[in-house]
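Here is a short briefing for a reader new to this structure. Take a look at the sequence and the model before reading on.

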Amino acid sequence: MKTYTNNNSVSPTSVICSVLGHKYRSTRKITNHFSEYQCRCCGKQMTEDTRGRLISLTPELRDINETLNMIFRRRQIHI
Ligand SMILES: [Zn+2]
């Protein structure tokens with residue numbers, strides 16, 4: 001029997017997360033105030049907005065974080 005997966009299917013881990021909540025761990029420090037997080041259960045990636053709330057890590061936000069991280073690291077070197 002063949003199984004098919006698509007974006008509309010609900011994985012068992014995402015059901016667990018929807019009931020118990022995601023278990024995020026920090027995966028990358030962008031600056032002193034921003035980090036990226038990933039759920040240990042379903043792998044969902046999140047980042048922080050300017051108010052410190054967790055929001056979904058979209059490709060656009062990943063690009064912004066990459067730029068922020070580059071600026072942050074450059075400043076660390078010059079301090
Ligand atoms: Zn999760």
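Buried means under 20% relative accessible area, exposed means over 50%, and partly exposed lies in between. By that cut-off Cys17 is buried, because its relative accessibility is 3%. The model is predicted.

**Zinc site**
- The zinc ion has these protein donors: Cys17 (SG), His22 (ND1), Cys39 (SG) and Cys42 (SG).
- They lie 2.1 to 2.4 Å from the ion.
- The site is tetrahedral, with angles of 102 to 114° among its four donor atoms.
- Along the chain, the donors are spaced as C-x4-H-x16-C-x2-C.
- Cys17 belongs to helix 1 (residues 12-20), while Cys42 sits in the loop between strand 2 and strand 3 (45-48).
- The pair therefore ties together parts that are 25 residues apart in sequence.

- Cys17 is buried, at 3% relative accessibility.
- Cys42 is partly exposed, because its relative accessible area is 29%, a value between the 20% and 50% cut-offs.

**Glu36**
- Glu36 is part of strand 2, which spans residues 35-39.
- Glu36 has 5% relative accessibility, so this residue counts as buried.
- Its side chain makes a polar contact of 3.2 Å with the side chain of Asn65.
- Leaving aside residues up to four places away in sequence, Glu36 touches Arg25, Ser26, Thr27, Arg28 and Ile30, among others.
- Its contacts also include Met46, Thr47, Leu57, Arg62 and Asn65.

Methods:
Residues numbered from 1 in each chain as written. Predicted model: local features only at pLDDT ≥ 70, side-chain atom pairs only at ≥ 80, totals over all residues. Heavy atoms only, no water. Helix = DSSP H or I, 4+ residues; strand = E, 2+ residues; numbered from the N terminus. Buried < 20%, exposed > 50% of the residue type's maximum accessible area, 1.4 Å probe, protein only. Polar contact = N/O pair within 3.5 Å; in protein donor to acceptor, adjacent residues only side chain to side chain. Contact = heavy atoms within 4.5 Å. Donors = N, O, S within 2.8 Å, 3.2 Å for Na, K, Ca; no water. Tetrahedral: all angles 85-135°; square planar, octahedral: opposite > 155°, others 65-115°.
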